[in-house]
Amino acid sequence: MSVTVRVPAKVNVQLAVGAARPDGFHDLANVFLAVGLYDEVTVTPADELTVTCSGPDAAQVPLDASNLAARAAIALADRHGIAPHVHIHIAKDIPVAGGMAGGSADGAAALLACDALWSTGATRDELLAICAELGSDVPFSLVGGAALGIGRGEQLTTIDVGGTFHWVFAVADGGLSTPAVYGEFDRLTADTDVPAPAASPALLDALRRGDTHALADALSNDLQPAALSLRPSLADTLAAGTGAGALATLVSGSGPTTAFLVADAESARKVADALLTSGTCRTARVAVSPAPGATVL
Ligand code: C5P
């Protein structure tokens with residue numbers, strides 16, 4: 001018997017970053033929006049814990065115990081006195097190391113799949129607590145839709161979304177390390193008084209109303225200067241999307257994936273084509289949001 005869970009990618013439509021905390025993390029006001037690019041994670045009983053991955057970026061995915069899907073299986077098994085003997089297969093379509101929470105998505109999906117396979121009876125709150133231990137973005141991958149994350153980003157409040165948003169995502173060559181981007185944020189803000197992060201009322205209102213143009217005006221990412229500082233060529237990708245008619249551009253999370261909010265599906269195809277021919281990215285993907293969270297298929 002196997003269980004398969006489908007799980008979405010995310011974009012941060014607002015990422016407000018506060019000063020570094022004593023534990024090294026940063027307080028955030030992190031507005032997550034799930035987008036319809038999905039990984040599928042299948043767990044099957046086996047003699048030991050193993051991980052395999054398929055898909056265009058599969059070679060970049062670690063298959064050892066550092067993989068969040070493996071860590072999720074171990075965390076759940078430990079809590080319930082179960083041996084984590086499963087084979088985990090990740091059918092990967094979310095860009096790897098891109099700021100779209102692909103690794104976090106696989107962690108949430110493996111957790112939900114193992115929970116179903118083992119019939120642990122864990123509550124939703126227990127699953128969310130395990131997600132938060134695995135990483136700051138993992139709880140949102142379980143929940144999906146849209147949510148404001150405070151603290152490290154793991155304390156979620158759901159946001160209703162009143163419409164469909166159309167996006168293009170440009171996938172860069174090579175990844176960017178999340179800790180390195182936060183470190184660069186610290187360096188760039190060292191001489192400034194970093195304000196406490198707060199969600200933008202205009203942005204939350206734009207999501208609730210499903211108003212694309214208002215959302216375009218309100219997008220923001222405090223990690224963007226740090227990502228551009230570490231990877232200056234991302235500015236060329238952003239300019240190529242703007243030139244092709246994107247309403248707004250944004251580095252996705254800690255990057256290097258860049259996000260382009262567009263008016264409709266037709267504009268999405270046009271912007272994706274322009275990005276591909278611009279030579280400023282490895283590939284371009286079209287997607288809509290919101291998308292549901294981790295779901296057993
Ligand atoms: O929680 P997660 O393991 O995804 O975080 C990866 C890294 O990103 C952390 O080790 C930290 O350097 C940085 N981070 C941070 N503040 C946050 C979330 C992540 O500094 N709120």
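A polar contact is taken here as a pair of N or O atoms within 3.5 Å. In the predicted model, a backbone N or O atom of Arg-152 lies 3.0 Å from a nitrogen atom of the ligand, so this pair falls within the cut-off. When the ligand is considered alone, 450 Å² of its surface is exposed, and the protein buries 73% of that area.

A polar side-chain atom of His-26 is placed 2.7 Å from a ligand oxygen. For Ser-136, an N or O atom of the side chain is 2.6 Å from an oxygen atom of the ligand.

The shell around it is made up of Gly-24, Phe-25, His-26, Leu-28, Gly-135, Ser-136, Arg-152, Thr-178, Pro-179 and Tyr-182. Sorted by class, these comprise four nonpolar residues, five polar residues and one charged residue. Strand S2 (26–45) and helix H5 (178–188) each contribute at least two residues to the shell. Helix H5 accounts for the largest share, with three residues. Residues of the shell are drawn from both domain 1 (3–158) and domain 2 (165–289), and the ligand therefore lies between the two domains.

Backbone geometry was also examined. A cis peptide bond links Gly-255 to Pro-256, with omega of about 5 degrees. Pro-256 belongs to the loop that connects strand S9 (248–251) and strand S10 (258–262). Another cis peptide bond is found between Ser-289 and Pro-290, where omega is about 0 degrees. Pro-290 is located in the loop between strand S11 (283–289) and strand S12 (295–296).

Ala-101 is not a glycine, yet its phi is positive, at about 65 degrees. This alanine, Ala-101, is situated in the loop between strand S4 (86–91) and helix H2 (102–118).

How values were computed: Residues are numbered from 1 along each chain as its sequence is written. This is a predicted model: local features need pLDDT of at least 70, side-chain atom pairs count only at pLDDT 80 or more; totals for chains, interfaces and linings use all residues. Side-chain values use heavy atoms; hydrogens and water are left out. A residue is near a molecule or strand if one of its heavy atoms lies within 4 Å of it. A polar contact is a pair of N or O atoms within 3.5 Å; within protein, one must be able to donate a hydrogen and the other to accept it, and residues adjacent in sequence count only if both atoms are side-chain atoms. Accessible areas come from the Shrake-Rupley method with a 1.4 Å probe; for residues, only the protein chains shown count as cover. Helices (H or I, at least four residues) and strands (E, at least two) are DSSP runs, numbered from the N terminus. Ala, Val, Leu, Ile, Met, Phe, Trp, Tyr, Cys and Pro count as nonpolar, Asp, Glu, Lys and Arg as charged, and the others, Gly among them, as polar. Domain bounds come from an automatic or database domain assignment.
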